[in-house]
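Subject: Structure handover

Hello,

Here is the structure I promised to pass on. Please open it beside this email and follow along.

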Amino acid sequence: MTILDETYTLSNNVEIPKLGLGTWFIDDDKVAEAVRAAVEIGYRNIDTAQAYGNERGVGEGVRTAGVPRDELFVSTKLAAEIKDYDQAAGAIDESLEKLGVEYIDLMLIHSPQPWNDYRGGDYAHGNREAWRALEEAHEAGKIRSIGVSNFQQQDLENILQGATVVPHVNQLLVHAGNTPSELLDYCEGKQILVEAYSPIAHGAILQNAEVQAMAEKYGVSVPQLCIRYTLQLGTVSLPKTANPEHMRTNAKADFEISGDDMDALRSLRNVDYGEHSAFPVYSGK
């Protein structure tokens, strides 16, 4: 057994692999190859989004990976700009068509606000409407599990007001240097599994001397330490790479970080995201 064989069980009893492949910034014409390579290495959890513009390629990779569809866990996300029922319902069908699959394992609302107003105005009603469309698609069997991404506690509370399904997942920016402990605890209390995207902090953490020294102590690389950290927090870890060698080394996370070292990583603050600081999720909002 390696980490690639391990799963969490969502509140609706759907199993989700603990380690997944993120596909942000992998071009549509290159991503099928990356998906096939990942599946060959043993990955079974593939994450994409409408906003990534690569659903078609991800779907091609899934269909041509040579393992049965029911062994793969495929996630996508409703574009952050979609804040009404009709648009959301149409976009769900569009994702199914682009991916070329009969069902999606997990679909998320990508953000509580459109990206051009991230952490800005009030989209409470629009989020409830988008959620209603996801609930109906879930009920109809088009989507096995539904969730959200980048949702803070108040955003979750808004959804829960009228929900018939509590979100199964909240996908968040979680890494050593950015651990939203209160939100993680809140999600756990509601049986909402957290998925950690950018677990390696977009590479920014690689330069941290304290983290480098800790990785050396365990005889692992900094990315391996960072992935293991998010797994020990009880989250799904979604490192993004198109490089098969990195996929292999990222999956070597079968070691245990001590309680003291977990605390040290949890208390790290202020990571420089470099060129990626321009993206809303890294802007510190």
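A residue counts as buried when its relative accessible area is under 20%, and as exposed when that area is over 50%. Keep in mind that this is a predicted model.

Start with A176. Its relative accessible area is 1%, so A176 is buried. Look for A176 in the loop between β8 (169–173) and α6 (181–189). R269 sits 93 residues away from A176 along the chain, yet their C-alpha atoms are separated by 7.9 Å.

Next, S111. This residue belongs to the loop between β6 (104–109) and α4 (124–139). Is S111 buried or exposed? With 0% relative accessibility, S111 is buried. Leaving aside residues up to four places away in sequence, S111 touches A80, K83, Y118, N127, S149, N150 and F151.

Now the strands. Take β5, residues 73–78. How many of the six residues of β5 are buried? Six of the six are, so β5 is largely enclosed by the rest of the structure.

β5 pairs with two strands:

- β4 (residues 45–47) pairs with β5 in the parallel sense, over three bridges. Here N45 stands opposite F73 of β5. From β4 the chain passes through helix α2 (residues 55–63) to reach β5, and this β-α-β crossover is right-handed.
- β6 also pairs with β5 in the parallel sense, over four bridges. L78 has I109 in β6 as its bridge partner. Together, β5, helix α3 (residues 85–99) and β6 form a right-handed β-α-β unit.

Last, helix α7. It runs over residues 209–218, and its buried residues are V211, M214 and A215. They span an arc of only 100° around the axis, so they lie on the same side of α7.

N208 caps the N-terminal end, with a side-chain oxygen 2.9 Å from the backbone nitrogen of E210. Just after α7 comes G219, which has a positive phi of about 70°.

Over to you.

Best wishes

Conventions: Residues are numbered from 1 along each chain as its sequence is written. This is a predicted model: local features need pLDDT of at least 70, side-chain atom pairs count only at pLDDT 80 or more; totals for chains, interfaces and linings use all residues. Side-chain values use heavy atoms; hydrogens and water are left out. Buried means under 20% relative accessible area, exposed over 50%, partly exposed in between (1.4 Å probe, protein chains only). Contact means heavy atoms within 4.5 Å. The arc is that of the directions from the helix axis to the C-beta atoms. A polar contact is a pair of N or O atoms within 3.5 Å; within protein, one must be able to donate a hydrogen and the other to accept it, and residues adjacent in sequence count only if both atoms are side-chain atoms. Two strands pair if DSSP finds at least two bridges between them. A crossover is right-handed if, with the strands pointing away from the viewer, the path from the first strand over the helix to the second runs clockwise.
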